[in-house]
Amino acid sequence: MITKEIDVYFIAGQSNAAGYSQVGYLTCSEEQKTEYMTGYSNVWYRGKADNNEVVEYDTVTKLGQGRYSGEFGPELGMAEYLTEKSPDRQSVILKRAVGGSYLIDNQTSSVSLASGNWCPPSKRTASAKQNLTGKIYDEFVTIVEESVAYYKTQGYEVNLCGTFWMQGEAEADGSYKQLGGYDTHLKALISDLRNDY
């Protein structure tokens, strides 16, 4: 029996990951823009940018999957690259990103206070904000777990290939000075994701 395989890539972080790039600002040929609009059938996308709903399974990666329908994120360039390098392989990009989000447990996203933050499990403290600390991380884990389970039920052998973390300027405000530094929190995020997957 031949087993189908699917390569899974993660995108996580702030606004750059969510996708705030304007479709109207693309400076490419009309042919390339048409390809972006049509999408890449061998690279599916499932994710959630800012406070949008999670995109359905088996959605083709294309323009307009950023924060709003007129915006896009890094998944588009990834899909273009994956199609060029491995046109015969099926891939899926799983994303959770919120603009202005933090890695530390006493900060919430500037986009929406209800979004919470990325604080990884190993860095959560007794003073954590209930239902907000680690909320984005936990939502990301849910998206990944649901997606992996779904693709297994579809007969795929799931290959977890890598994570793209895209943090932004919210982390430049000095919030980490008393908390061990940004690098400490980023290393904890990487370690916790590796432990989870």
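## Helix α4 and its packing partners

The buried residues of helix α4 pack against β1 (4–13), β3 (40–49), β6 (90–97), β7 (156–166) and α5 (182–196). Here buried means under 20% relative accessible area, exposed means over 50%, and partly exposed lies in between, with a 1.4 Å probe and protein chains only. Those α4 residues are I136, Y137, E139, F140, V141, I143, V144, S147, V148, Y150 and Y151. Helices (H or I, at least four residues) and strands (E, at least two) are DSSP runs, numbered from the N terminus.

This is a predicted model, so local features need pLDDT of at least 70 and side-chain atom pairs count only at pLDDT 80 or more, while totals for chains, interfaces and linings use all residues. Residues are numbered from 1 along each chain as its sequence is written, and side-chain values use heavy atoms, with hydrogens and water left out.

After α4 comes G155, with a positive phi near 90 degrees.

## The nonpolar cores

In soluble globular proteins, nonpolar side chains tend to be buried together. A nonpolar core here is a set of buried Ala, Val, Leu, Ile, Met, Phe, Trp, Tyr and Cys residues joined through side-chain atoms within 4.5 Å. The largest such core has 23 residues, of which I6, V92, L94, W118, F140 and Y151 touch the most other members. Two or more residues each come from β1, β6, α4, β7 and α5, and α4 gives the largest share, nine residues. Another core, of 18 residues, lies apart from this one, and its members include Y9, A17, A18 and M78.

What does L94 contact, leaving aside its neighbours within four places in sequence? The list is V8, Y9, F10, I11, R46, F140, I143, V144 and S147, where contact means heavy atoms within 4.5 Å.

## The whole chain

The chain has five helices and seven strands, and from the N terminus its elements run β-α-β-α-β-β-β-α-β-α-β-α. Its radius of gyration is 17 Å, close to the 16 Å that the globule rule gives for 197 residues, so the chain is as compact as a globular protein of that length. That radius is taken over C-alpha atoms, and the rule is 2.2 Å times the number of residues to the power 0.38. Along the principal axes, the C-alpha atoms fill a box of roughly 50 × 45 × 25 Å.

Buried residues make up 47% of the 197 in the chain. Among contacts with a separation of 6 or more, 67% join residues 24 or more positions apart. The exposed surface comes to about 10000 Å², with 49% of it supplied by carbon and sulfur atoms; accessible areas come from the Shrake-Rupley method with a 1.4 Å probe, and for residues only the protein chains shown count as cover.

## The loop between β3 and β4

Most residues other than glycine have a negative phi. Two aspartates are worth a look on this point. D50, in the loop between β3 and β4 (59–61), has a positive phi near 50 degrees and is buried, with a relative accessible area of 4%. D58 lies in the loop between β3 and β4 as well; its phi is positive, about 60 degrees, and at 31% relative accessibility D58 counts as partly exposed.

## Aromatic pairs

Ten aromatic pairs turn up in a search of the whole structure. Rings of Phe, Tyr and Trp (its six-membered ring) pair if their centres lie within 6.5 Å; planes under 30 degrees apart count as stacked, over 60 as edge-to-face and the rest as tilted. Y57 and Y151 have ring centres 6.2 Å apart and planes at 85 degrees, so this pair is edge-to-face. Because Y57 lies in the loop between β3 and β4 and Y151 in helix α4, the pair ties together parts that are 94 residues apart in sequence. Y57 is partly exposed at 24% relative accessibility, whereas Y151 is buried at 2%.

Ring pairs also link F10, W118, F140, W165 and Y197 into a cluster.

## Around Q65

Q65 is found in the loop between β4 and β5 (71–72) and counts as buried at 10% relative accessibility. Not counting residues up to four places away in sequence, Q65 touches A18, Y45, T59, V60, E71, E75 and K95.
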